[in-house]
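Take the model one level at a time.

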Amino acid sequence: MLENLRGIFRKRRRCETDTPPPPPPPPTKESETIPRYPEYIDAETPESNDGFEASWAEAGSFHSPHSDRPFNASERFVTILDNLDARVEKLRKDALNLQEKKDYLLMSMDLIKSNEMMQHMSEAEREEIILYIQRVSSRLGTVELNVRTVRDNSQEDSLSQINALIDSMIKMGDPVIARQRCQLYLNACCSSSMDPSGHMDTVPEADAGPIDKKFESVLLGCTLDDQKNIKKRLQALMGYLNKQTVSH
């Protein structure tokens, strides 16, 4: 009888050894819904992905990292979208900074074309400089940046008028007069302040210095984002004109 029991145990062991492991469970619907974050994005700055990677990992788990309460689908996607929203806002700011750099380059080339020293050059020298400016402008034109600011028709018209006023000032040719005009425009920007409710108000002219009333009136019709960008543009222009005035 003992030999019979040993034989039965040997057969059972062989059956357990030869039985293949059960197949893995099929992927759940949730794991198919939440894709993995692509590694090639921001490969040069991996530290910027830490928060985003965490949100994907957190969203793909079944439990909250701070409690034993399971996540529902809404919480997971809200976590992801909050992080995406922050990254979109950062992308907009980076694009706006690049747009400001492009505008500054365009303004610098306009100032060179209107510089009075160009009039003292020979025809051949002036033509060579103009052709060079055109080549640089063409290369700059290959860079297209478009961060759309929501404006109504009135705000579009106000911005167009502001750009026309600044362009006419750049093309004056006399850096001293242009600097004086730029200072009036800049004072108009500084005379506008934002109240806690987000509306624009004005401060006394004595605090900001003399201003150009027409420029200020048109400026107040622009969006707040446009007003900030106009002020930055004038500050950069004033720095250039100050150097030109000193050189004269």
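Start where two helices meet. Lys-102, Leu-105, Leu-106, Met-109, Ile-112 and Lys-113 in H4 contact Ile-130, Ile-133, Val-136, Ser-137 and Leu-140 in H5; contact means heavy atoms within 4.5 Å. Helices (H or I, at least four residues) and strands (E, at least two) are DSSP runs, numbered from the N terminus. This is a predicted model, in which local features need pLDDT of at least 70 and side-chain atom pairs count only at pLDDT 80 or more, while totals for chains, interfaces and linings use all residues. Residues are numbered from 1 along each chain as its sequence is written, and side-chain values use heavy atoms, with hydrogens and water left out.

Now the geometry of that packing. H4 and helix H5 (residues 123–141) pack at about 165°, their axes 11 Å apart. Axes are lines fitted to C-alpha atoms, for helices over the stretch in contact, and angles run from 0 to 180 degrees between N-to-C directions. H4 is therefore roughly antiparallel to H5, a label for angles over 145 degrees.

H4 itself covers residues 73–114, which is 42 residues. At 1.5 Å a residue, times one less than the number of residues, H4 should span 62 Å; its end C-alpha atoms are 61 Å apart, which agrees. Buried residues (under 20% relative accessible area, 1.4 Å probe, protein chains only) in H4 include Arg-76, Ile-80, Ala-95, Lys-102 and Met-109.

Step back to the chain. It has 10 helices and two strands. From the N terminus the elements run α-α-α-α-α-α-α-β-β-α-α-α. Of the 248 residues, 24% are buried. Among contacts between residues at least 6 apart in sequence, 65% join residues at least 24 apart.

Next, the aromatics. Rings of Phe, Tyr and Trp (its six-membered ring) pair if their centres lie within 6.5 Å. The count comes to one aromatic pair. The rings of Tyr-185 and Phe-215 have centres 4.1 Å apart and planes at 10°, so the pair is stacked, the class for planes under 30 degrees apart. Tyr-185 lies in helix H7 (residues 175–190) and Phe-215 in helix H9 (residues 213–219), so the pair ties together parts 30 residues apart in sequence. Both Tyr-185 and Phe-215 are buried.

Finish at a loop. Gly-221 sits between H9 and helix H10 (224–247). Leaving aside residues up to four places away in sequence, Gly-221 touches Ser-154, Gln-155 and Ser-158.

Methods
Phe/Tyr/Trp six-rings, centres within 6.5 Å; stacked < 30°, edge-to-face > 60°. Buried < 20%, exposed > 50% of the residue type's maximum accessible area, 1.4 Å probe, protein only. Parallel < 35°, antiparallel > 145°, perpendicular 65-115°, else oblique.
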